[in-house]
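Hello,

Here is the structure I promised to pass on. Please open it first, then read my notes below.

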Amino acid sequence: MPLLDSLTEALRVLPGVGPKSAQRMAYHLLQRDREGAARLAGTLAAALAEVRHCARCNNFTEAEVCERCLSQQRDASQLCVVEMPSDLMVMESTLAYRGLYYVLMGKLSPLDGIGPRELKFDKLVERATDGMVQEVILATNFTNEGEATAHYLGEMLRARGLRVSRIARGVPVGGELEHTDLGTVAQAFVERRGW
């Protein structure tokens, strides 16, 4: 296969990149930004060689244990379980949570062959039962797979005597009821609390 075709095919592994977009990217890198292409190739090679999963939280890091897990400023009694590193970053950007995390790197999806073994739930259980964690907060997405993952984990962790909670859902801040889907409004009503 010619190198240009190989480059185009390689770029297609990125999410949301189809054949035309991959071809445009390849042309751009080769014609307009060879220096950027070389930097991209070098950085990608270095990341593949150096980036691994944190031994405690399963997030990406260059060290055995990431800085967040080693921080004395974090509340080690709380463990928030998220699906992906991007979800962790959203939680962090709220500045509302100061505990530790565990990143599943996915969600249960039997149709795709992703079960508890593929997501290494045993590693999560080991982390959650280390004697420090008092509460596990399930912050998986509110999709069918995310809900199934939260339910499975909740049952499994409660059976081991852990306190388990789930992030709330409902009408978004600034949202208007008439523009919110009925399922969200119904769930917000069910999960209402006093003030």
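First, a term: a residue is buried when its relative accessible area is under 20%, exposed when over 50%, and partly exposed in between (1.4 Å probe, protein chains only). The model is predicted, so local features need pLDDT of at least 70, side-chain atom pairs count only at pLDDT 80 or more, and totals for chains, interfaces and linings use all residues. Residues are numbered from 1 along each chain as its sequence is written, and side-chain values use heavy atoms, with hydrogens and water left out.

Start with R127. Its relative accessible area is 6%, so R127 is buried. R127 sits in helix α6, residues 121-128. Helices here are DSSP runs (H or I, at least four residues), numbered from the N terminus. Leaving out residues up to four places away in sequence, R127 touches R56, L79, L100, Y102 and V133. Contact means heavy atoms within 4.5 Å.

Next, P85. It belongs to helix α5, residues 85-93. P85 is also buried, at 17% relative accessible area. From P85 to L70 is 15 residues in sequence and 17 Å in space, C-alpha to C-alpha.

Last, Y27. This residue is in helix α2, residues 19-31. Y27 counts as partly exposed, because its relative accessibility is 43%.

Best wishes

How values were computed:
Helices (H or I, at least four residues) and strands (E, at least two) are DSSP runs, numbered from the N terminus.
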